[in-house]
Amino acid sequence: MKYLCLLYGNQEKVGRLSKEEFSALVERCKKYDEELRGTGAVRMVESLEWDVTTIRPQNGKPTVMDGPFVETRDVVGSVMIIEARDLNEAIRIASLHPAANMGEDLEWGIEVRPIAEGCHQ
Amino acid sequence: MKGSGELTTETTRGEVEQIYLAESRRVFASLVRLLGDFDLAEEALQEAFGAALEQWPRDGLPARPRAWLVSVGRFRGIDAQRRRRRLERAIAEEPPPARPWPPPAPDEIDEVEDPRLALLFACCRPELPRDAQVALTLREVCGLTTEEIGRAYLTKPSTIAQRIVRAKQKIRELGLKFEIPDRDELPARRELVLEVLYLVFNEGYAASRGSTYIRTDLSDEAIRLTRLLCELLPHPDCESLLALFLLQDARRAARTSSSGELILFSEQDRDLWDQTRLREGKMWLERALTGGAFGSITARAAIALVYGESAETGVIDWPQIIALHEYHVALDPQPVSRLARAIAILEGEGPKRAASLLDELAVEGSLEHFPPFHAARGELFRRLGRISEARSAYERAFALSQSEPERRLLERKLGELIS
């Protein structure tokens, strides 16, 4: 089974960090990232840029707007795909991600969602 | 044993996977014992099999694949734990939890004693809620996935997952006890394990909810574990439980139609009963009786045996079944046992005494929300010709039931009342 992990955080608070604070944060994350990759179960993990474009159908045609689909304080900052035997294993592996271990003050957190199989084939 | 160069290609990926299927739960149990933690053992198990996939096709199958896996898993687990601790210290500056470390080396114990048994006791800890004991047993001992447990109990996998995560957390707090309880503790702990096994079997035998009535996977798992328990830690109660499971499960094929409809005992095709299961159940019951057991589980296994024996004779020995029910109620007077007795009396003796027993239960009211109670009353009233009371009892059962096959059966019964 594949599981999509959405890594949330408060973008505003991250934006207020000084350059030094931010690079210290990245340094600390690296150690967890190493562990995470070491499991061999992570199929993809990437951080996202903040620039967002939204596309919606309007009168049967795609309409493009800048800005997020839903305006919220907590936004998805990274995405990760884990391949695991079951949900508990996916949780165990996702728990190695920095967002499960640090960044409490930045409101970090992870949403784990099973990827429905066979829907787009 | 393969080891020489020319034979190396003979160990294929398929063979390694076969060994995984056969041995992974036992290797996992050994790793829980050695590493002292469920999650770490799961990670170590995976790493060990990853290493096997890489090395066995190249270097040949080791002489003792299971011992090899335990040993490699242990090393990988130790490594992972060391790294994590450094990580925790470097980042959170919290002192690591005090645990003997590194864990003991694998020894010959695992070869002699099956570690799955101790794992079963570790999962059925009295400090955990019952549903957590069940979920943990199914995942950690039987190897079911979170999603499979969710399907079996019609619960969202995320709910099951949280139950399992919390149970493991609780075990971590309390300290893992990976052992067969000592003589003082054993009777109570065994009782708890048997109750969990019974819950697993029963949900498989007569699912309380959902679209199918029988969930083979759950009853098979319960039988497999109870068999293991009987082999490794023989006790008459356990043997009685295995006998009960086998004798009931023997009728599995006859209990539902090909379209999933429920078939009542009196209408079952007795040729479909599994004679091997019946014989094996009888053998375990005899063993339990030789061991001096005649507890409430033994009584129920004996009832199942008398029903099973009717396959040969074509007649049900009702006096014996009723006598066994009386005995069972004397040992275990809870309402569900008394309902079972009343139903047997209704079938075997007729409505008169059954009516007064069911009335007693109705006055007490503790089975008010239990569909089979109202279904039994419906049947009683139908036989007494009190049709409108029969109808309202069946309707009540129908309203309470969450099992689709059971609801369809009740609908049929209601339809027959009108005609």
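Mentor: Let's talk about the chain contacts, then the domains, then a helix pair.

Mentor: It's a predicted model, so to speak by its rules: local features need pLDDT of at least 70, side-chain atom pairs count only at pLDDT 80 or more, and totals for chains, interfaces and linings use all residues. Residues are numbered from 1 along each chain as its sequence is written, and chains are lettered from A and ligands numbered from 1 in the order in which they are written.

Trainee: How many residues of chain B are in contact with chain A?
Mentor: 16, and they meet 12 residues of chain A; contact means C-beta atoms, placed from the backbone, within 7 Å.

Trainee: Which helix of chain B gives the most to that side?
Mentor: α8(B), with five residues. At least two each come from α2 (38–59), α3 (65–92), α7 (146–152) and α8 (157–174) of chain B. Helices here are DSSP runs (H or I, at least four residues), numbered from the N terminus.

Trainee: Switching topic, what are the domains of chain B?
Mentor: Domain 1 (5–99), domain 2 (115–233), domain 3 (240–254 + 272–318) and domain 4 (333–419), with bounds from an automatic or database domain assignment.

Trainee: How far apart are domains 3 and 4 of chain B?
Mentor: Their C-alpha centres lie 25 Å apart.

Trainee: And at what angle do α1 and α5 of chain B cross?
Mentor: Roughly 65 degrees, with the axes coming within 8 Å. Axes are lines fitted to C-alpha atoms over the stretch in contact, and angles run from 0 to 180 degrees between N-to-C directions.

Trainee: Which residues of α1(B) meet α5(B)?
Mentor: Among them are Arg25(B), Ala29(B) and Arg33(B). On the α5(B) side, the partners include Pro115(B) and Leu119(B).

Methods
Contact = placed C-beta atoms within 7 Å.
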